Amino acid sequence: MQPAANDDRLKQTGDWLDERTGWRGNWTAVFLRKIPKVSWAYTLGSATLFTLVLQFVTGILLTLYYVPEPQQAYASVTYITNELSFGWLIRGIHHWGASAMVLLAILHMVRVIIYGAYKYPREVTWLTGVGLLLLTFAFGFTGYLLPWDQRAYWATVVGTQIGSVPPVVGGFTKDLMLGGPEISGLTLSRFFGAHVWVLPSLLVALVAIHLFLVVRNGITSPPKRDE
Amino acid sequence: MGADEGPPSTSGVPSGVGADGPDAVDPGRRKFLIATIGAVGGTITAAVGVPAIAFVTGSARTATGEEGWIRLGSVGSIEPGAAPTLVKATIERRTGYLVEEQEVSIFVTTENGQDFVLLSNVCTHLGCRVRWVEAEAGFHCPCHNAMFGRNGEVLAGPPPRPLDRYEYKVEDAQLFFKEA
């Protein structure tokens with residue numbers, strides 16, 4: 001087959017799709033949009049998004065073997081780590097990716113503060129970003145319990161005790177997190193449910209708004225000396 | 001910083017002008033960047049994707065059952081010429097970190113007390129369990145109305161082959177079978 005004929009067929013397929021979906025306009029708006037002259041610091045948001053995608057992929061893979069039940073949680077994690085092909089890698093990426101994502105999200109936020117990119121008209125982008133950072137922390141907190149080892153168990157004891165500090169509502173907040181008066185199998189299953197269903201749903205919605213606003217408003221150019 | 005840089009709305013590009021518009025960048029640079037993105041992206045995808053395939057197929061590739069002869073029961077409990085007797089044995093199956101006890105049910109018949117026929121009770125059509133129906137002198141599968149004869153041969157219905165037979169041996173008046 002000749003390359004020219006191939007290109008032709010590809011273009012025809014693209015045209016056919018474009019006529020029915022208008023994808024070219026969106027592609028241009030998202031990936032071929034004009035941006036000001038920027039530095040590497042501007043890649044931190046994309047880097048955070050990249051670690052998020054990695055977390056999604058490795059997290060979904062881990063759920064194929066992980067069992068959120070007290071008798072099996074630790075055994076299934078041990079199996080993933082020590083016996084399963086590339087289990088150490090998939091779990092390792094998820095483990096270190098979690099820390100990397102928190103770090104990158106914070107660096108991204110620092111960049112936005114330093115460059116003044118949170119100002120008009122991008123306040124809503126900033127607010128959704130704050131929500132995303134909090135969600136990332138919640139991911140870290142709920143995911144930490146899932147291996148169900150000593151460190152996970154006691155970290156959750158400490159973390160939920162901190163939740164009990166506020167007057168009046170504190171005690172109930174703690175019981176709500178634990179699903180009872182103390183850590184049990186119910187705590188494990190609700191942390192798992194939060195980690196793989198509740199938080200990802202919220203995160204995807206917020207990321208969509210965040211990215212839409214980034215594309216809609218464009219990104220800021222670095223502030224100039226006389227600004 | 002040149003004066004021509006600013007928010008997209010003021011960059012003077014009419015809407016609808018794409019990548020190859022009048023102010024398009026050097027095509028060589030553009031091609032190089034696209035190729036770089038493709039190469040880096042492809043490498044990362046492969047670095048995660050290939051281990052992911054090994055990971056997903058892992059427990060399916062390493063499941064193990066019990067090896068060697070497994071005791072089924074005493075030969076004396078099988079009467080020559082009688083209706084097939086359903087005999088159960090418990091075997092250990094290891095899948096991943098789970099070691100589970102599994103019950104295997106085998107229909108045993110003998111005509112002379114010397115030679116035995118050990119039939120699996122799993123229908124060869126789609127895996128339902130068959131049971132012996134004395135009135136029709138055959139094994140009936142409730143899922144799709146299959147009938148098998150006393151020695152496992154297909155009498156009616158969709159099964160593609162007779163009931164599976166287990167290899168067996170008799171030792172000290174005990175019946176042993178091997179997992180297929």
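Helices α1 (3-21) and α2 (23-31) of chain A each supply at least two residues of a nonpolar patch, helices being DSSP runs (H or I) of at least four residues, numbered from the N terminus. The structure is a predicted model, in which local features need pLDDT of at least 70 and side-chain atom pairs count only at pLDDT 80 or more, while totals for chains, interfaces and linings use all residues. Residues are numbered from 1 along each chain as its sequence is written.

The patch lies on the surface and consists of W16(A), L17(A), W23(A), W27(A), V30(A), F31(A) and L32(A), with about 680 Å² of accessible area together. Such a patch joins nonpolar side chains within 5 Å, from residues with over 30% relative accessible area and no salt bridge; the areas come from the Shrake-Rupley method with a 1.4 Å probe. Helix α2(A) gives the most to the patch, 4 residues, and W27(A) is found in this helix.

Attention now turns to the two chains together. In contact (heavy atoms within 4.5 Å) are 26 residues of chain B and 26 residues of chain A. The buried area, meaning the accessible area (1.4 Å probe) lost by both parts on being put together, is about 2100 Å², and carbon and sulfur atoms give 73% of this area.

Between the chains the count is 1 salt bridge, a side-chain nitrogen of Lys or Arg within 4 Å of a carboxyl oxygen of Asp or Glu. The side chains of E83(A) and R94(B) meet in a salt bridge at 3.1 Å, N to O. On the side of chain B that touches chain A, helix α1 (residues 27-62) of chain B provides the largest share, 14 residues.

Definitions and conventions. Chains lettered and ligands numbered in written order. Heavy atoms only, no water. Buried area = accessible area lost by both parts, 1.4 Å probe. Patch = residues over 30% accessible without salt bridge, like charges linked within 9 Å, V, L, I, M, F, W, Y side chains within 5 Å.
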